[in-house]
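Good morning, and thank you for coming. Please look at the structure on the screen while I speak.

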Amino acid sequence: MQKKNNPSRRSFIQKAALAPLALGLPSVVRSAESSPPVGDDCFETTRDFYGQGPFYTANAPTIENNLLAAEDEPGTRLVLSGVVRTLDCAELIPGTLIDIWHADHDGAYDTQGFHLRGKTTSNAQGFYLFETILPGKYLNGGTFRPSHIHFKITPPGFPTLTTQLYFEGDTHIPGDAAASLTSGQFDASHRIVELTENAGVLEGTWDIIVDGDGITGVSDLHLDKGIIYSATPNPFLDHLEIFYGVFQHARVRIEAFDQRGVMVARLVDQEMSPQKYTASWHDIQDLPAGHYWVTIRINELQVHYLKVVKA
């Protein structure tokens, strides 16, 4: 069921600004040349100046239940999610292997086993998600390295990208040889993500933009076609109200996907005129708890999404 709605202009600006929070990473480098923008607000993910670093361990286990860090791991909980996209940001890349490792709350790495090390794979819709803790800092010479997470990203049939992720507001970024780079092949600008707090848990989104074959997917470059303003309540229990806008006459689909990328609901599938609408998702009390993605598709092009949580 859809009904017209009129979210405030402030809400629109907030949600548009948070689109990179629901999207947002850089990509696979195929040469030693600098990596220029590949489109408006679409930047290929760069390698990190420090590369792999000395603490990588091969053959890390697959992350279970999306938990890289056990629930009793000391530190501030952190949920990272995003989507893996092709270099033009127009297609999603399912099946991308994402190998992750980082320091513990005290800034120490496990060099004997696989503590805070693991692998996950982007699902059938190109989405990935894992929960861990905010890594601690450690001395690098005479100064601390900013908090960071290491990644090896391997799309099916394409080269591996090794890089690092940093966090906005970290006071050690300006003095760090890698995180402070703002141009060239090691530009870290689009690998510094914003974190928001939700019930004591930090959340961030990092979209991975890499070389690879994809499926027709999602891009903030297409927010001139439609957008999901918000979904509430979030977290939800037995119902969810989805506020969205359609900006051109088109066939519109509002769909929800689980963590495997399997569609669990199609709430809208019809021709619609430019307007603001609400889609209601009811009778979902039996849906398993966890993270879901609500997407808007305009004429078969998935143009935007929001992550929602079933409590």
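**A disulfide and a covered strand**

With C42, the figure to note is a relative accessibility of 0%, so this residue counts as buried; buried means under 20% relative accessible area, exposed over 50%, and partly exposed in between, with a 1.4 Å probe and protein chains only. Before I continue, this is a predicted model, in which local features need pLDDT of at least 70 and side-chain atom pairs count only at pLDDT 80 or more, while totals for chains, interfaces and linings use all residues. Residues are numbered from 1 along each chain as its sequence is written, and side-chain values use heavy atoms, with hydrogens and water left out.

C42 forms a disulfide with C89, and their sulfur atoms are 1.9 Å apart; the term requires a pair of cysteine sulfur atoms within 2.5 Å. The structure holds 1 disulfide. C42 lies in strand β3 (residues 42-43) and C89 in the loop between β4 (77-85) and β5 (91-92), so the pair ties together parts 47 residues apart in sequence. Strands are DSSP runs (E, at least two residues), numbered from the N terminus. C89, at 1% relative accessibility, also counts as buried.

Let us turn to strand β15. In β15 (residues 201-205), 4 of the 5 residues are buried. β15 runs parallel to β4, joined by 4 bridges; two strands pair if DSSP finds at least two bridges between them. T205 in β15 is the bridge partner of S81. With β14 (residues 196-198), β15 pairs in the antiparallel sense over 3 bridges. These two strands form a hairpin with 2 residues between them, and A199 in the turn has a positive phi of about 55 degrees.
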